[in-house]
Amino acid sequence: ERLQTMAHYPADTPVAIVEKAGCPQQRTVVGDMTNIADLAEWHKVQPPSTIVVGDVVRVLLEDEAENGQEQQPIMGLIQNFTSTSA
């Protein structure tokens, strides 16, 4: 609510939290301004984490679809690990 009020973000603004970015244990949780805090708590997101706010979150989902991965919903845990290809 605070970001919505202070920065005038609409409630449906997409938000992602990337936990342990670039590590094999990377996880990404996606929601919007109204539910991201609850989703982070539900999925027990831990530091270090990066929060991404805005339409760039949708680009992340589009990139996964282009790479042959199934289109993911805009809410919940969307990624359990990173690719470890050499």
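Is Arg58 buried, exposed or partly exposed? Arg58 is partly exposed, with a relative accessible area of 36%; buried means under 20% relative accessible area, exposed over 50%, and partly exposed in between (1.4 Å probe, protein chains only). The model is predicted: local features need pLDDT of at least 70, side-chain atom pairs count only at pLDDT 80 or more, and totals for chains, interfaces and linings use all residues. Residues are numbered from 1 along each chain as its sequence is written, and side-chain values use heavy atoms, with hydrogens and water left out.

**Confidence**

- The protein chain has a mean pLDDT of 80, and 76% of its residues reach 70 or more; pLDDT is the predictor's confidence in each residue, from 0 to 100.
- Helices (H or I, at least four residues) and strands (E, at least two) are DSSP runs, numbered from the N terminus.

**Nonpolar cores**

- A nonpolar core is a set of buried Ala, Val, Leu, Ile, Met, Phe, Trp, Tyr and Cys residues joined through side-chain atoms within 4.5 Å.
- In soluble globular proteins, nonpolar side chains tend to be buried together.
- Eight residues form the largest core here: Val15, Ile17, Val29, Met33, Ile36, Leu39, Ala40 and Val45.
- At least two residues of this core come from each of β1 (14-19) and α2 (36-42), and α2 gives the largest share, three residues.
- A second, separate core has five residues, among them Val30, Val57, Leu61 and Ile78.

**Around strand β1**

- Beyond its neighbours within four places in sequence, Val15 is in contact (heavy atoms within 4.5 Å) with residues including Val29, Met33, Ile36, Ile51, Val53 and Val57.
- Pro14 lies in strand β1 and is buried, with a relative accessible area of 3%.
- Pro14 and Ile36 are 22 residues apart along the chain, and their C-alpha atoms are separated by 8.8 Å.

**Salt bridges**

- Side chains of opposite charge can pair when their charged atoms come close.
- A salt bridge is a side-chain nitrogen of Lys or Arg within 4 Å of a carboxyl oxygen of Asp or Glu, and by this rule there are two.
- One joins the side chains of Arg27 and Glu19, at 2.7 Å from N to O; both Arg27 and Glu19 are buried.
- Arg58 forms a salt bridge with Asp55, with the closest N and O atoms 2.5 Å apart.
- Asp55 is exposed, with a relative accessible area of 53%, while Arg58 is partly exposed.
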